[in-house]
Structures are given as structure tokens and as C-alpha cells.
Amino acid sequence: MSETPISKEALEQALKEALVETLSEQQDLLRALVAEVLEDLVLGEAMREGEATEEVSRERIFDLLEGRA
């Protein structure tokens, strides 16, 4: 099997075209991936903020959730 040399520019163009085609065919997957990343970022920020606040008892949390507050 012989190898055909390919220029860096041709390789880059082929990769770009393949990526664009894949992303256009897999839009739902891309949306889900972006949503998951954003969710993780927001959750991480909420956890950092929560570490800087005072503790609340489990009972108090359930009171709030059940509308008894």
C-alpha cells in the first residue's frame, strides 16, 4: 500500500469539513453536550457560593420545600 503525501493545508481543510459535517448531522448531541457543560459550571459555582454561607439544618430545608416556613 503506497502513501500519498498531503499538505498541511489540505489536511486542515479536510478536518474542518469533516467537523462541520459531523456537527451539522449531530446537532442534538452538540446541544446536549453544551447544556451539560453549562449545568456543571453553574452547579460548581453554586457549590462555591454555598461553602461561603452559614449552615442550615436538614429540617429547615425540608420545612422550606414543603411550604412550612
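Select Arg48 and Glu45 first. Their side chains form a salt bridge, with the closest N and O atoms 3.3 Å apart. This is a predicted model, so the side-chain pairs on this tour count only at pLDDT 80 or more. Both Arg48 and Glu45 belong to helix α2, which covers residues 27–51. Three residues separate Arg48 from Glu45, about one turn of the helix. Colour Glu45 by accessibility: the value is 36%, and Glu45 is partly exposed because it falls between the 20% limit for buried and the 50% limit for exposed.

Side chains of opposite charge can pair when their charged atoms come close. By the rule used here, the count of salt bridges is four.

**Next stop: Arg68**

Which residue meets Arg68 at 2.8 Å, N to O, in a salt bridge? Asp63 does. Is Asp63 buried or exposed? Asp63 is buried, with a relative accessible area of 17%.

Glu66 has 48% relative accessibility and counts as partly exposed. Through shared partners, salt bridges join Asp63, Glu66 and Arg68 into one network.

**The nonpolar patch**

Now show the surface and select Leu19, Leu23, Leu30, Leu33, Val34, Val37, Leu38 and Leu41. Together these residues make a nonpolar surface patch of about 700 Å². Two elements give two or more residues to the patch: α1 (8–25) and α2. Which of the elements gives the most to the nonpolar patch? The answer is α2, with six residues.

Leu30 is placed in helix α2, and its relative accessibility of 34% makes it partly exposed. Leu33 also lies in helix α2, but Leu33 is exposed, with a relative accessible area of 52%.

**Two distances to draw**

Stay on Leu33 and draw a line from its C-alpha atom to that of Glu49. How far apart are Leu33 and Glu49 in space? The separation is 25 Å, C-alpha to C-alpha, for residues 16 apart in sequence.

Then select Asp28, which has its place in helix α2. Asp28 is exposed, with 61% relative accessible area.

**Stepping back**

Clear the selections and switch to a cartoon view of the whole chain. How many helices and how many strands are in the protein chain? There are three helices and zero strands. In sequence order the pattern reads α-α-α.

Turn the model to see its extent. Along the principal axes, the C-alpha atoms fill a box of roughly 75 × 25 × 20 Å. The radius of gyration of the protein chain is 24 Å, whereas a compact globule of 69 residues would have one near 11 Å.

Colour the chain by burial. Of the 69 residues, 3% are buried. With the surface shown again, the protein chain exposes about 6800 Å², and carbon and sulfur atoms supply 58% of that area.

Last, colour the charged side chains. The protein chain carries 7 positive and 18 negative side chains. The centres of the positive set and the negative set lie 5 Å apart.

Technical notes:
Residues numbered from 1 in each chain as written. Predicted model: local features only at pLDDT ≥ 70, side-chain atom pairs only at ≥ 80, totals over all residues. Heavy atoms only, no water. Helix = DSSP H or I, 4+ residues; strand = E, 2+ residues; numbered from the N terminus. Rg over C-alpha atoms; globule rule 2.2 N^0.38 Å. Buried < 20%, exposed > 50% of the residue type's maximum accessible area, 1.4 Å probe, protein only. Areas by Shrake-Rupley, 256 points an atom, 1.4 Å probe, with all protein chains shown as cover. Lys, Arg positive; Asp, Glu negative; His and termini not counted. Charge placed at Lys NZ, Arg CZ, Asp CG, Glu CD. Patch = residues over 30% accessible without salt bridge, like charges linked within 9 Å, V, L, I, M, F, W, Y side chains within 5 Å.
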